[in-house]
Amino acid sequence: MCNQINSIQLELTNKCNFSCKKCSHNATSSFKEFASHKLVEIVSTGFNNLKHVHLSGIGEPLLHPELFEIISCLSKHRKLFLSITTNGSLLSESICEKIVESDLGMIDISLDYSSEVTFNQNISKNYSLNKIHSNIATLLEIRAKTQKRKPKINLVSVLSTVNLNEIANIIFFAGKHKIDNYYLINYNPQVNEVYTPGNIAYPELQSKSIEWRQIAKENNINFSLPPFPVADCDEIINCNWLNNSIFINCRGDVLPCCLRTDDVYAFGNIFEKSFAEIWSSNYYVQSRKSLNENRSPPFCKNCLQLHNRLLPKMFDRNK
Ligand SMILES: C[S@@+](CC[C@H](N)C(=O)[O-])C[C@H]1O[C@@H](n2cnc3c(N)ncnc32)[C@H](O)[C@@H]1O
Ligand code: SF4
C-alpha cells in the first residue's frame, strides 16, 4: 500500500477517434489498447490516501467499452472524486444519461475552436463542431432535468495562436448554456507554439485576456487562464505533483506527469513491480529530490507550471 499518492490520472485508452494536430496521440505507440480491469483494480485498491482519479490520457476515454463499469469499480471501495476529459464527440443521449447517473464529479469537455473551418482543419475532418455543441447542450439538459448539480460540466481550450480570436465566442457559448466553468490551458512543452517559453506574445495576450474576463463576467461564467510563459526564466516555483500524484497510462506505465507521457520517462510498470518498489527506485527518488530542491528534472524542462514565477508581477492571472 502506498500512502503518499492522493491523486492519479489514469489513461483508459490510447485510441482516439480524432486526430488533433498538436496532440501527442499521433506520436504515441502504434499499438493502441484499453486499460484492463486489473489496472483499474490496482488503482482503486493500491493507494491508501487516494482522493481523486482523473480519467484522461492520450486518447478518448469515452471509447472504452466498459467505462461505466470502471467508474463503478473506482467508487466501490471508498469515496473518491472522479473526473474525466472528453472530446465531446461520443456524448449521445444515452451516454449523457449514464454520465449524469454515474459517480462522476466533473466532466471537462475540450472545445478549442468556435468555427467549423478551424475545427475541421485542426481537430477532425470527419466530425462537425455543430454536433459537439448539440452534444454539450444535451448533457446540460439531461443534468438539468434530474436537478442534480453533479457532474460539474466544464469546457477547456488549449490556448494557441490559431484559436486566439475564437475564445470570445466560446465564452458566449458557455454563457448561453450555463456551463459551470471554462478554463484555458497551455500546450505542453513539446509543442512549439508562440505561447511557450522563449516565444512571448504578452501584449496580445494581455489585451485579449482583459477582453475575455470582461465577457466572462458579463455572461456569468467562471473563467480562468493558464500560467503564461516567461522567456529565459530559470526560476522555479513549487510543483508538488511528483510528491503526491501520478499519471498511469493504459499499459500500466507510471509516468511523471500528464504533460510528460513519453514512454522514455516511465518510472516503472505497475504490472511488473509493486508501486512501493517503483516509488523507491533511484530515478523516481532523484527526480523528486531535484524538484523539491528547485532543480528541475529533465522531463520538467520548459514546463510552464514551473517557469511562471515572475508572471504575477507583470500580469495578474488571478483577477
Ligand atoms: C489529450 S486529451 C484526452 C482526452 C480527450 N481525447 C480530449 O481531447 O478531451 C486531454 C486534453 O489535452 C489537451 N491537449 C491535446 N494536446 C495537447 C498538448 N499538446 N498540450 C496540452 N494539452 C493538450 C486536449 O485538448 C484535452 O483538453
Ligand atoms: S486531444 Fe483528445 S481528441 Fe484530440 S487527438 Fe488527442 S486524445 Fe484525441
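Visitor: By class, how many nonpolar, polar and charged residues has the shell around ligand 2?

Guide: This is a predicted model, where local features need pLDDT of at least 70, side-chain atom pairs count only at pLDDT 80 or more, and totals for chains, interfaces and linings use all residues. Residues are numbered from 1 along each chain as its sequence is written, and chains are lettered from A and ligands numbered from 1 in the order in which they are written. The shell includes C16, F18, H25 and E60 (C-beta atom, placed from the backbone, within 6 Å of the molecule). Ala, Val, Leu, Ile, Met, Phe, Trp, Tyr, Cys and Pro count as nonpolar, Asp, Glu, Lys and Arg as charged, the others, Gly among them, as polar; the count is five nonpolar, four polar and one charged.

Visitor: Which residue in β6 is the bridge partner of V158?

Guide: Strands are DSSP runs of E, at least two residues, numbered from the N terminus. β5 (residues 152-158) and β6 run parallel, joined by five bridges (strands pair at two bridges or more, by DSSP). The partner of V158 is I185.

Visitor: Which residue in β7 is the bridge partner of N181?

Guide: β6 also pairs with β7 (residues 222-224), in the parallel sense, over three bridges. The partner of N181 is N222.

Visitor: Which residues does I171 contact, leaving aside its neighbours within four places in sequence?

Guide: Contact means C-beta atoms, placed from the backbone, within 7 Å. I171 has one partner in Y182, and Y182 lies on the covered face of β6.

How values were computed. A residue is buried if 20 or more other C-beta atoms lie within 10 Å of its own, exposed if 12 or fewer, and partly exposed in between; C-beta atoms are placed from the backbone. Helices (H or I, at least four residues) and strands (E, at least two) are DSSP runs, numbered from the N terminus. Two residues are in contact if their C-beta atoms, placed from the backbone, lie within 7 Å.
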